[in-house]
Amino acid sequence: MSDRLDGEKSAKVAWGRPRWLRGPRPESVPPLVGTAGVLVGLLNLAAGVFPRFRHSRMHALAEVLPGAVSPLAAAASIVVGILLLLLAHGLKRRKRRAWVAAVALLPVGMAAHLVYRHSVVGAAFSLALLVFLVWHRKQFSALPDPRSRWKALANFVVLGGVSFGLGLVIVNSHPHKIVGDPAFWARTKHVLWGLFGFEGPLRYTHNVDYTVGYSLGALGLLTVCTTAYLAFRPERPASRLTGDDEARLRELLAKHGGRDSLGYFALRRDKGVVFSPSGKAAVCYRVISGVMLASGDPIGDVEAWPGAIERFMEEARAHSWTPAVTGCSETGGQVWTRETGMDALELGDEAVVDVPGFTLGGRAMRNVRQMVKRIERNGYHTKVRRVRDLDPEELARVQKAANAWRDTETERGFSMALGRIDAVTDGDAVIATAHQEPAEGQEAGPFGDLKAMQHFVPWGTDGISLELMRRDRSADPGMNELLIVATLQAAPDLRIERVSLNFAVFRSSLARGEKLGAGPITRVWRGLLLFLSRWYQIESLYKFNDKFQPRWEPRYVVFRNTRDIPRIGLAALQAEGYLELRLPRLLRRRRPAEPQPCAHTPEAAPVGRETVERVA
């Protein structure tokens, strides 16, 4: 009954109705407000930087004000302009705090326009934006995003550079009132001293010293204050998987884990989770750069998926995040698009090998068979075991080897990665290792005879999904083929009937383009993919997977609007570890390393299931 209520309730959600019945979305107005905020911010900035119009109707009224008021108005106009530019993105995303700050700043900007610039038009623009914000105040209800400390350093570097550049413009915007002809270094020194609140070497006439000094001091104070606020405000990290959440997810996986090969990756501990009202389904996600990114299909009973999807969309609306899904199956894509009205795009295909039908015999498997035989003649042997069957000493050696063989500073992987090798919590996972005894007179390596390893996570009760592939650089080529074949041959003894390998991005396009009679558009698209394969593992990953004669299961990316695709792509790159925004190494807090997925291509280059996000 509760599952049926989940579905009925989700059908009443605005985003679940047909497009022509939904009416205007609440986000349709705020993007215009963000653009208006940028425009008004630039007007305030220009009003404070460039000299005022002396021959204006407001000049006579401004002359009766105290002498310090006009320079202070110039400084206030610059500060308000910069802050409005910083708040524009928050206004576009309907953030409540951005709205409060903008409503407080706009009156100050209007007063600065009238006192310093004597501009009625600039004040009118600020007033119009203020009225618009107040009139639509109910739409600005989005909660704040997760916080992190690195934003303080980024703010100091970026805003400090902007303040220095604006300072040079301010110093040189009064060329006829500078005493003498100071050199560029003297002007630069004046800006640097002014940002720190001290008097520089330049001199001006007609009291312009106060205007320039107050403006430079305001820029320096703004940089320091915003950096201090970001550095010392209470940190509110992104959602993390709690022990209770993990226990509930494991119960759902025990009942429904065999439906999706990516289901077990929901147990990554850097993901958040939302459950359906009945608790029979869940959606795991991670928030990156304002994108609420889910991976794979929802976990649990298919009939309860709509309730979990509804909770996911509610969370996205509450924070004004951009919802997106990567790597979902065809069934998952159909449910997502039906319940939310979003669109789907085929991302690639997943290679799945059925163990009962796998054999090394036949012409199609000749290359793999010859490679495996050659490696075995070189003295290599393999072991395929459950993680719980490894003794603690050997497991620790495998974990250290996985970290040492990673050729990137950071770990990669999100939607197809677990991020750990643990015999306690993930004892049903499978480890395949390749070994070679050292030759006479040679010393064993730092990890003994271990030369390569692969890690597979459970896929229901009768399947496993490839999560990690690492190998010693000094090992012979073909280690990955050797271990995959060994795993497939040992699978019957482990009661495994299906093995999920890597994703092949745009595989169908490559396959159609190489067929006889392919159209010109298909051939051009295939040619472009082959060209990109020089830098990205597109064709090589497809060819590597195709060696094992798998069946191909399509995977999709689900998105709300076409214009969101670039943001979703950047968020996916950050999630997978290919694009990093973080503190410099010297300022980072040291954390114990954990082996995370970073699989290898057939021969050498580091790639794995997460490659699909980098290529996309």
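A residue is taken as buried when its relative accessible area is under 20%, and as partly exposed when that area lies between this limit and 50%. In the predicted model described here, glutamate 246, with a relative accessibility of 9%, is therefore counted as buried.

Side chains of opposite charge can pair when their charged atoms come close. Across the structure, 19 salt bridges were counted. One of them is formed by glutamate 246 and arginine 269, whose closest N and O atoms are 3.3 Å apart. This pair links distant parts of the chain, since glutamate 246 belongs to helix H11 (243–256) while arginine 269, 23 residues away, is found in the loop between helix H11 and strand S1 (272–275). Whereas glutamate 246 is buried, arginine 269 counts as partly exposed because its relative accessibility is 35%.

Helix H11 also contains arginine 250, whose side chain meets that of aspartate 426 in a salt bridge with an N to O distance of 3.2 Å. Here the two partners are 176 residues apart, aspartate 426 being placed in the loop between helix H15 (392–404) and strand S8 (430–436). With a relative accessibility of 1%, aspartate 426 counts as buried, while arginine 250, at 25%, is partly exposed.

A further salt bridge is found between arginine 498 and aspartate 462, with 3.4 Å separating the closest N and O atoms. Arginine 498 lies in strand S11 (residues 498–505) and aspartate 462 in the loop between strand S9 (450–459) and strand S10 (463–471), so that this contact ties together parts of the chain that are 36 residues apart in sequence. In this pair arginine 498 is buried, with a relative accessible area of 18%, and aspartate 462 is partly exposed, at 23%. Elsewhere, salt bridges that share partners join Glu246, Arg250, Arg269, Arg420 and Asp426 into one network.

Attention then turned to strand S5 and its pairing. Strand S5 (residues 322–328) is mostly covered, seven of its seven residues being buried. Strand S3 (residues 291–295) runs parallel to S5 and is joined to it by five bridges, with valine 291 standing opposite threonine 322 of S5. Strand S12 (residues 551–559), by contrast, pairs with S5 in the antiparallel sense, over four bridges, and in this pairing alanine 324 stands opposite phenylalanine 559 of S12.

Key
Residues are numbered from 1 along each chain as its sequence is written. This is a predicted model: local features need pLDDT of at least 70, side-chain atom pairs count only at pLDDT 80 or more; totals for chains, interfaces and linings use all residues. Side-chain values use heavy atoms; hydrogens and water are left out. A salt bridge is a side-chain nitrogen of Lys or Arg within 4 Å of a carboxyl oxygen of Asp or Glu. Helices (H or I, at least four residues) and strands (E, at least two) are DSSP runs, numbered from the N terminus. Buried means under 20% relative accessible area, exposed over 50%, partly exposed in between (1.4 Å probe, protein chains only). Two strands pair if DSSP finds at least two bridges between them.
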